[in-house]
Amino acid sequence: MQTESSNLLNPLELLKNSGIPKHLLYQSRIEVDHLICPICLNILWKPIACGQDKCFQSFCEVCINKWIQDQAGDEVLQESLYSQSLIIAPDSGSGSQYSSQSSSFSEMPQQIQIETTLPNCPKCKRQFKKTSIPIIHNLLDSIQLSCIYEECPTKPGYEQFQKHILQCPFRRINCSGCGLQQLQNELEQHENQCEQVIIECPKCCNKMSRKLFSLHSIDDCVQQQFNNKDNRIAQLNKKIEELNQKNQQLEQKICKMLKGDSFDTIHQFSFKTMFTQNYQFTGTQAVEAKLIRPSFNLQKQKNDFLHFYINHKVKTQAIQGLIWRMRIQTLKGNLLIGICSTLCHYSIDFIINKLGELKRKEWNENKYKLLRKGNFTFSEGDTLTFQFMPLQQCLRITNENRHIVCRFEPTEIIEMGDSFFSFFSLENQGDSIIFI
Ligand SMILES: [Zn+2]
Ligand SMILES: [Zn+2]
Ligand SMILES: [Zn+2]
Ligand SMILES: [Zn+2]
Ligand SMILES: [Zn+2]
């Protein structure tokens, strides 16, 4: 290939796989035979020499590297063939013979390893140790070369050769539009005029040839801008769709986590908790739930919902709603109560405590806002009755002689959907309530 007409040489490919073609030597005051690579037979390019005494043969960097690689590859192949031949050795009749052979194999690898890791010099066949010989570099620096483009009068030195052929004004580069070869220093001017070069409309960002751009009307451009926007909207809608799906999956996952394991059922009620082990349940007739260790919910809020399940069906409930009772056994901290949709995407949370405070949780926040104070108190041993009345949109809580009404917004019941459950939560370790 290198011997073909010089104007077929590609400056980007030349020197990639071998040295400088010999016919490009223009002038040399010295015998050039010392400067020839024995592998590619061209003028040395970036020479590297064998460091063995009395060899010092130089090779092109690419040539010797390729040789080393090929030789290493061959030896890996030879080695694997060799070890295979040991395994299928013909007279391995008994197990003891086989093991004696494998022990002889274990004595040999040292030699093989040396050959594998340090390939031999192509000339002297001894280990190849890379070295650099300054005199070779000096000699190379003294030669003068011809440019690969015949018309070019420049005779670059060895050092400037590569740079020159890349920057030579006679270098031809294909126009990105029409594909015709242009002189390097005329390419820009040509491409600025060539009708087939692709350009981008600065307004609609559509790419087209310069010829089509001259026919690109304002109507076309505006139409294209609309199309672009439509495409963008479609892309965004698709993304929203994907995010919604992801969101739904995550909600379901959270819901599953929040619901926890079902571990007991009394009457029509069943209890579940996120961290079952935080509560201790005792009793057969009535269930006592006692918080036995402090716990944290997903928002790092100190608490753990004891889900008290009654799957309320709004549409099928009588006007009184659903009633359940609990006796306060020990209560030093707050008592959280609430209603949560089955999908856990919406909940109405209240706090009641012995100070007679009624607080309501702000939507999407971990803050409780005081609704009223003082007129509803209870103490340990008291029974509280909860009456959830979906038609009146409220939760009515009764102590021994008074009641309070926790109202919901009408939209909240709608937000809950058809199916939801009640939950209780104790806050203070050691507190306990009895469901009766
Ligand atoms: Zn070479
Ligand atoms: Zn050598
Ligand atoms: Zn040139
Ligand atoms: Zn062109
Ligand atoms: Zn346009």
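So, proline 47: in this predicted model, Pro47 stands opposite cysteine 60, which sits in strand 3. Let's stay with that pairing for a second. Strand 2, residues 47–50, and strand 3 run antiparallel, and three bridges join them.

Now, what is the strand order in the open sheet? Going across, you read 3-2-4, three strands with antiparallel pairing. At the edges you've got strand 3, that's 58–60, and strand 4, 130–131. Each of those has a single partner strand, so one side of each is left without a neighbour in the sheet.

Okay, over to the metal. Which residues coordinate the zinc ion, ligand 5? There are Cys201, Cys204 and Cys221, each through SG, plus His216 through NE2, at 2.2 to 2.4 Å. If you like to read it off the sequence, the spacing of the donor residues is C-x2-C-x11-H-x4-C.

Here's what I'd point at on the screen. Cysteine 201 is in the loop between strand 8 (198–200) and strand 9 (207–209), while cysteine 221 belongs to helix 8, residues 218–259, so the pair ties together parts that are 20 residues apart in sequence.

And the geometry? The site of the zinc ion (ligand 5) is tetrahedral, with angles of 101 to 116° among its four donor atoms. For reference, the ideal angle for four tetrahedral donors is 109.5 degrees.

Methods: Residues numbered from 1 in each chain as written. Chains lettered and ligands numbered in written order. Predicted model: local features only at pLDDT ≥ 70, side-chain atom pairs only at ≥ 80, totals over all residues. Heavy atoms only, no water. Donors = N, O, S within 2.8 Å, 3.2 Å for Na, K, Ca; no water. Tetrahedral: all angles 85-135°; square planar, octahedral: opposite > 155°, others 65-115°. Helix = DSSP H or I, 4+ residues; strand = E, 2+ residues; numbered from the N terminus. Pairing = 2+ DSSP bridges.
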